[in-house]
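Thank you all for coming; I would like to walk you through one model this morning. Please have a look at the chain first, and then I will go through its packing.

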Amino acid sequence: MKLIILFNAISAASFPISKYLIGVMPPFLLTAVRQLLSGIALLVYQYFMKPHTLYIKRKDWGSLVAIGLWLMCLSLVPIYYSLDYITTARSSFIFNLTPFITAFLSYLYFKETLTIKKTLGLFIAIVGFLPLLLTESPGESSKNGMLWIFSYGELFAIGGVFAWAYGWVLVRKLVSCKRYSPIAIMGYTMVIGSFFSFIGAGIFESYRVSYTHGYVALILFILFMGGNAIGYSLYSYLLQQYTATFLSFAAFMMPMFAALFGWICLHEPITIYLVVSTILVFVGLYLFYQEELRQGYVVRD
C-alpha cells in the first residue's frame with residue numbers, strides 16, 4: 001500500500017511542477033521537450049531489453065502518428081494551458097475523469113455495452129463533478145473567464161482529457177488487437193508527439209532562453225524522471241501486485257496530493273468542494289468498475 005501512495009504522490013507532484021514550468025516555458029515547448037526525452041529513454045530501454053518488439057508494420061504507422069498527435073500532444077498542451085488558469089487540484093481532479101470519458105468513447109468505438117449500472121456510475125460522476133465545477137477557488141477569477149458554466153481553464157483541461165482518452169482508445173487497438181509492446185508504442189508516439197509539439201511551438205509560441213531561471217532544467221528533469229521514468233516503472237510493478245481496478249480506485253488520492261502540494265508550494269487553497277466532488281466521483285467509479293469486472297472488460301488477478 002505504501003508504494004501505491006508513493007505512486008499517486010509522484011503523479012500528483014507533476015501538476016504543481018508543471019504549473020511552475022509553464023511560467024517560464026510555453027506549453028507546446030514544454031510538451032515537446034518532455035515527450036522527446038521520455039520517448040528516447042523508452043526506446044533506448046526497449047532496444048537493449050527486447051529489440052524485436054520495436055518492429056512496427058508499415059500499415060500501422062498511421063495509427064502511431066494519430067496516437068502521437070492526440071495522446072502525446074493535443075492532450076498535454078491543453079492541460080498545461082489549464083494550469084495557467086485553475087489550481088493544480090482542480091486540473092488533477094478533471095484529469096481523473098478519464099475512465100468515464102474512455103468508457104463513453106469505447107462504447108462508440110468498440111461497441112462495448114453501456115449497462116444501467118455503468119450509466120448510474122457515469123451519472124453519479126457527473127453529479128460529483130458539479131460542486132467543483134460551479135464553485136471558484138480564490139485566485140482564479142482574475143484571469144479565468146467563463147464560457148457558459150465552464151471557465152477557460154476547465155475547458156482546456158476537459159479538452160485535454162478527451163484527447164487523452166481518445167489516444168488511449170487508439171493505443172488499446174494496437175496493444176490488444178495487434179499485440180504490439182506497450183513500451184515500444186509509448187516510445188514511438190512520444191517522439192512523434194514531440195515533433196507535433198515542436199511544430200506548434202514554432203507557430204504559436206516564442207521563447208527566449210533566460211538565465212534568470214537557472215532551476216528550470218533541473219525541474220524539467222525531475223518532471224521527466226518522476227512523471228515518466230519512475231512513475232511508469234512503479235506503475236508496471238504495481239500492476240503485478242494489484243488489479244487495475246484497485247489502482248484506478250487508488251488514483252483518487254491524486255487530487256488530494258495535488259491539492260496538498262499546491263497548498264505547500266503555490267499557496268493554493270484546499271476547498272471542501274474538492275473533497276465532496278472526489279468522494280462522489282469515487283462512488284461513481286466504484287459502480288462503473290464493478291460492472292466492468294462482471295462484463296469481463298477488466299480481468300481480476
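I will speak about the nonpolar cores, then a surface patch, and then the aromatic pairs.

This is a predicted model, so local features need pLDDT of at least 70 and side-chain atom pairs count only at pLDDT 80 or more, while totals for chains, interfaces and linings use all residues. Residues are numbered from 1 along each chain as its sequence is written, and side-chain values use heavy atoms, with hydrogens and water left out.

Let me begin with the interior. By nonpolar core I mean a set of buried Ala, Val, Leu, Ile, Met, Phe, Trp, Tyr and Cys residues joined through side-chain atoms within 4.5 Å, where buried stands for under 20% relative accessible area, exposed for over 50%, and partly exposed for what lies in between, with a 1.4 Å probe and protein chains only. The largest such core has 65 residues, and those with the most contacts inside it are Phe-100 and Ile-185. Its largest share, nine residues, comes from helix 8, residues 152-177; helices here are DSSP runs of H or I with at least four residues, numbered from the N terminus. Apart from this core lies another, of five residues, including Ile-4 and Leu-238.

Helix 8 also holds Gly-153, which counts as buried because its relative accessibility is 0%. The C-alpha atoms of Gly-153 and Asp-84 are separated by 7.4 Å, although the two residues are 69 apart along the chain.

Now to the aromatic rings. Rings of Phe, Tyr and Trp (its six-membered ring) pair if their centres lie within 6.5 Å, and planes under 30 degrees apart count as stacked, over 60 as edge-to-face and the rest as tilted. By this rule the count comes to eight aromatic pairs. One of them is Phe-28 with Phe-204, stacked at 5.8 Å centre to centre with 20 degrees between the planes. Because Phe-28 lies in helix 2 (residues 27-49) and Phe-204 in helix 9 (residues 182-204), the pair ties together parts that are 176 residues apart in sequence.

Tyr-81 is partly exposed at 27%, and Phe-156 is partly exposed at 30%. Together with Tyr-85, these two residues form one aromatic cluster.

Definitions and conventions
Helix = DSSP H or I, 4+ residues; strand = E, 2+ residues; numbered from the N terminus.
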